[in-house]
Amino acid sequence: MKTFPFSALARDRNEVFPELDVADVLLERRDAENVWLVRDERYQAARAALLTLARSMTIVVRSHRVLAEEALAEDLPWLTWLPEHERLQCVRELLAHLLAGADTGELLPYARARRSWTSTALAWSDPEIARDLADPFDGSGGQSVDGAE
């Protein structure tokens with residue numbers, strides 16, 4: 001990967017584009033998200049590999065759930081903080097998003113779900129919060145019915 005300021009694309013694209021022959025290019029912007037430039041061949045190769053891996057992992061989940069959980073837990077060690085029933089739900093949801101994203105090229109739903117599940121796992125890792133999460137939820141938001149706490 002080669003990095004350039006975003007302005008280099010407009011200023012001297014003859015410096016930027018030749019780099020795409022050997023690597024992806026990251027254009028850094030000051031006031032917005034950075035932009036990746038990737039040759040279509042490399043993008044399609046990565047997408048095909050991701051799709052194959054996602055489909056393969058889905059097959060493993062169907063036939064060897066425990067093995068699939070172990071494989072994901074190796075990459076996502078925070079899964080251990082989730083209660084067992086949520087761990088399975090997390091694995092299934094992340095795999096579904098990964099498969100859909102690999103097929104469509106849209107991986108933001110996977111990234112959002114992963115961040116959400118990571119936050120959930122962090123909440124479960126705190127003993128006080130975990131105790132509150134495990135207790136029945138009355139829907140009052142911590143307020144008594146008459147408005148007093």
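Because the model is predicted, local features need pLDDT of at least 70 and side-chain atom pairs count only at pLDDT 80 or more, while totals for chains, interfaces and linings use all residues. Residues are numbered from 1 along each chain as its sequence is written, and side-chain values use heavy atoms, with hydrogens and water left out.

**Helix H5 and its surroundings**

Helices here are DSSP runs (H or I, at least four residues), numbered from the N terminus. Helix H5 covers residues 84–104, and its 21 residues reach 30 Å from first C-alpha to last, close to the 30 Å expected at 1.5 Å a residue, where the expected span is 1.5 Å times one less than the number of residues. The buried residues of H5 are Glu 86, Leu 88, Cys 90, Val 91, Leu 94, Leu 95, Leu 98, Gly 101 and Ala 102; buried means under 20% relative accessible area, exposed over 50%, and partly exposed in between, with a 1.4 Å probe and protein chains only. The cover over these buried residues includes H3, H4 and H6, with contact meaning heavy atoms within 4.5 Å. Just after H5, Gly 105 takes a positive phi of about 85°.

**Nonpolar cores**

A nonpolar core is a set of buried Ala, Val, Leu, Ile, Met, Phe, Trp, Tyr and Cys residues joined through side-chain atoms within 4.5 Å. The largest has 22 residues, and those with the most contacts inside it are Leu 72, Trp 78, Leu 79, Leu 82, Cys 90 and Leu 94. Two or more residues of this core come from each of helix H3 (40–63), helix H4 (65–75), H5 and H6, and the largest share, six residues, comes from H5. A second, separate core of seven residues includes Ala 8, Val 16, Leu 20 and Val 25.

**Helix H6 and the helix pairs**

Helix H6 (residues 108–125) has 18 residues and spans 26 Å from its first C-alpha to its last, close to the 26 Å expected. In H6, Tyr 110, Ala 113, Trp 117, Ala 121 and Trp 124 are buried. Seen down the axis of H6, the buried residues fall within an arc of 75°, so they line one face of the helix; the arc is that of the directions from the helix axis to the C-beta atoms. H5 and helix H7 (127–134) are among the elements that cover them.

| Pair | Axes come within | Crossing angle |
|---|---|---|
| H6 and H7 | 5 Å | roughly 105° |
| H3 and H4 | 5 Å | roughly 135° |

Axes are lines fitted to C-alpha atoms, for helices over the stretch in contact, and angles run from 0 to 180 degrees between N-to-C directions. Angles under 35 degrees count as roughly parallel, over 145 as roughly antiparallel, 65 to 115 as roughly perpendicular and the rest as oblique. H6 and H7 are therefore roughly perpendicular to each other, whereas H3 is oblique to H4.
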